[in-house]
Structures are given as C-alpha cells and as structure tokens.
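Please keep the sequence and the model in view while reading.

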Amino acid sequence: MSFLKVEDLNVYYGNIHAIKGVSLEVNKGEVVSLIGANGAGKTTTLQAISGLLPIKAGEITFNNNSILKQKAFKRTRLGIAQVPEGRRVFKGISVEDNLTLGGVSVNSTKEEDKIEMDKIYQLFPVLKERRKQEAGTLSGGEQQMLAMGRALMTRPQVLLLDEPSMGLSPLFVDKIFDTIALLKKDKTTILLVEQNANLALEVADRGYVLETGRIVKEGSAESLKSDPDVKAAYLGI
Ligand SMILES: Nc1ncnc2c1ncn2[C@@H]1O[C@H](COP(=O)(O)OP(=O)(O)OP(=O)(O)O)[C@@H](O)[C@H]1O
Ligand SMILES: [Mg+2]
C-alpha cells in the first residue's frame, strides 16, 4: 500500500514548464531525499504536494486517496506538514506562540498541544530556554528548529523538509541532521529536499535526483551514493 504518491506531476509558472512528469513515492516510516541543483524544481514539487501551488496534470495520493481537491490547510489536517525553504517563522511573536500556531492549524486541544510541545522542547532544548523570546531574535539555526517544531505541532504523518540546512553553520547543520535521524528512528516519514546531497543521502533510505523538472535517477541511498554520475554532479567526489 502506498502512502504518499506523486504520479506524472506537471507544474507550470505561466509558460515555464517547471515540473515535467515527476513521479515519486514515500512509504510509511521512510526518509526519502530529493536532491538536485538550484532551480531543478525541488521546492515546486513540495509546494504542489502541500497544496500551495496548482498543478497542471498528474495525481497526488495520500493513504491511497487523491488529495488534489483538498486545499493546503486540509492537507495539513490530513497529516502533510511542510517546513518551508527559508524557515518562515513568525518573527514578531514568541517562540511558544509560533509553536501554538502549529497546533491551531490542526484544531488540536490544549492537552494535545502541551504533550507535543513538551516533546519538541525535549528535541530542541534551546527552544524551551527561549520560549518567551520573539522568534525574529533567534539565530538561523534556531529558527530552523522552530520551523520544524511548528510543523511537528501538527502531529504530521509525513514531514516535507525544504533545505533545512541552507545557510547554517556546520554545527547547526549537524544538529538539524541529528534531529532528522532521531525523527527517523521514531518512524517519522520524511521527504527531504536538500542541496547538501552527501548529508541527504546519509540519512535517507531512498532518493531521487531531479534535473530541470525531471527525475533522472532513483534508488536506494546506498546505490545513489555509489553512482558515478551522482558522485560527480552532487557529491563532489
Ligand atoms: N514564482 C515563480 N515564477 C516563475 N518561475 C518560477 C517561480 N518559482 C520557481 N520558478 C522556476 O521554476 C523552476 C524550479 O524552481 P524551484 O524553486 O522549484 O527550484 P529548486 O530546486 O527548489 O531550487 P533551489 O535549490 O534554488 O531552491 C526554476 O526554473 C525557477 O526559476
Ligand atoms: Mg528550493
């Protein structure tokens, strides 16, 4: 039984055919990485899955049901949570209020929010320390943690992560990938978009390589890591 499935997806920006027949699948409990260069269409693919962009053709199913007719907020309630590129936390409100808004988007109860928030504070103790602080005063790495925390507040069945390591110092990059590894251990299903292909394939079970709107390779993370073309183009070895 397939969990999240994208079939023959086509997305346009005006006349620009950005996604040209992409098919991919994420099974329950898997971490799947989508790697590709700038402009390959990684963000566009995630936006289409989360309902933030209209699609021209194709099918997206979740738990075997088409979600194409569901608006973005409905898809969040179905269990699809996106952590956007560039984090996009609400800078003028506190860390805790940012997390609470994650809960609001799925109509969760106060009790459910409390349980989830405690888990997130365990995962990211720095967010607990700074819970009363305005989110805009956090460092980039801390904002990434907050963005992930906000998505986790929706108790997602699948987490879509768009370039979580972008622009972060090595220490924070490690922290973010350690967290992804922890979430994986916890059986969280993740579709991870990354330019840092080394790390992305390290943590993933499987991967897809996207080039100018098309999947050009797919396979186990192991097989992609040892693929000569992938090595030359994305792994810098
Ligand atoms: N709002 C837009 N209007 C027009 N073209 C767009 C728009 N957003 C993206 N594109 C184009 O669609 C293609 C795919 O962009 P997308 O942002 O999905 O790439 P990406 O793989 O996420 O790149 P990056 O690694 O830089 O984030 C690119 O050619 C881009 O220029
Ligand atoms: Mg992008």
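**From the core to the loops**

Leaving aside its neighbours within four places in sequence, I180 is in contact with M148, L161, P164, I190, L192 and V203. The model shown here is a predicted one. I180 also belongs to the largest nonpolar core, a set of 43 residues, and is listed with L127 and L159 as having the most contacts inside that core. The largest share of this core comes from helix α6, residues 140–152, which gives 6 residues. Apart from this core lies another one, of 27 residues, which includes L4, V22, L46 and V193. As a general background, nonpolar side chains in soluble globular proteins tend to be buried together.

Ligand 1 is surrounded by 14 residues, and the closest of them are N38, G39, K42, T43 and T44. By class, this shell has 5 nonpolar, 6 polar and 3 charged residues. Which residues place N or O atoms beside oxygen atoms of ligand 1? A polar side-chain atom of T44 lies 2.4 Å from an oxygen atom of the ligand. For G39, a backbone N or O atom lies 2.8 Å from an oxygen atom of ligand 1. E85 takes part through its side chain, where an N or O atom is 3.1 Å from an oxygen atom of the ligand. On its own, ligand 1 has 640 Å² of accessible area, and the protein covers 62% of that area. The elements that give two or more residues to the shell are β2, residues 16–26, and α1, residues 42–50. The largest share, 3 residues, comes from α1.

The buried residues are K42, T44, T45, L46, Q47, A48, I49 and S50. Among them, K42 and T44 are also listed with the residues closest to ligand 1, while L46 is a member of the core of 27 residues. Just after α1, G51 takes a positive phi of about 90°.

Several residues in loops complete the picture. S94 is found in the loop between β6, residues 80–83, and α3, residues 95–104. Is S94 buried or exposed? S94 counts as buried because its relative accessible area is 14%. Not counting residues up to four places away in sequence, S94 touches R131, K132, Q133, E134 and A135. A polar atom of the side chain of S94 lies 3.0 Å from the backbone nitrogen of D97.

The loop between α6 and β7, residues 158–162, holds R155, and T154 has its place in the loop between α6 and β7 as well. T154 is buried, with a relative accessible area of 7%. Its contacts, leaving aside neighbours within four places in sequence, are with T76, A81, G102, S105 and V106. A polar atom of the T154 side chain lies 2.7 Å from the backbone oxygen of A151. T154 and K184 are 30 residues apart in sequence, and their C-alpha atoms are 17 Å apart in space. R155, by contrast, is partly exposed, with a relative accessible area of 34%.

Most residues other than glycine have a negative phi. T212 likewise has a positive phi, near 35°. This residue is found in the loop between β9, residues 206–211, and β10, residues 214–220. T212 counts as exposed because its relative accessibility is 55%.

The last stop is T188, in the loop between α7, residues 170–185, and β8, residues 189–194. At 14% relative accessibility, T188 counts as buried. Not counting residues up to four places away in sequence, T188 touches G29, E30, V31 and L183.

Notes
Residues numbered from 1 in each chain as written. Chains lettered and ligands numbered in written order. Predicted model: local features only at pLDDT ≥ 70, side-chain atom pairs only at ≥ 80, totals over all residues. Heavy atoms only, no water. Core = buried A, V, L, I, M, F, W, Y, C linked by side-chain atoms within 4.5 Å. Buried < 20%, exposed > 50% of the residue type's maximum accessible area, 1.4 Å probe, protein only. Helix = DSSP H or I, 4+ residues; strand = E, 2+ residues; numbered from the N terminus. Contact = heavy atoms within 4.5 Å. Near = heavy atom within 4 Å. Polar contact = N/O pair within 3.5 Å; in protein donor to acceptor, adjacent residues only side chain to side chain. Areas by Shrake-Rupley, 256 points an atom, 1.4 Å probe, with all protein chains shown as cover. Nonpolar A, V, L, I, M, F, W, Y, C, P; charged D, E, K, R; others polar.
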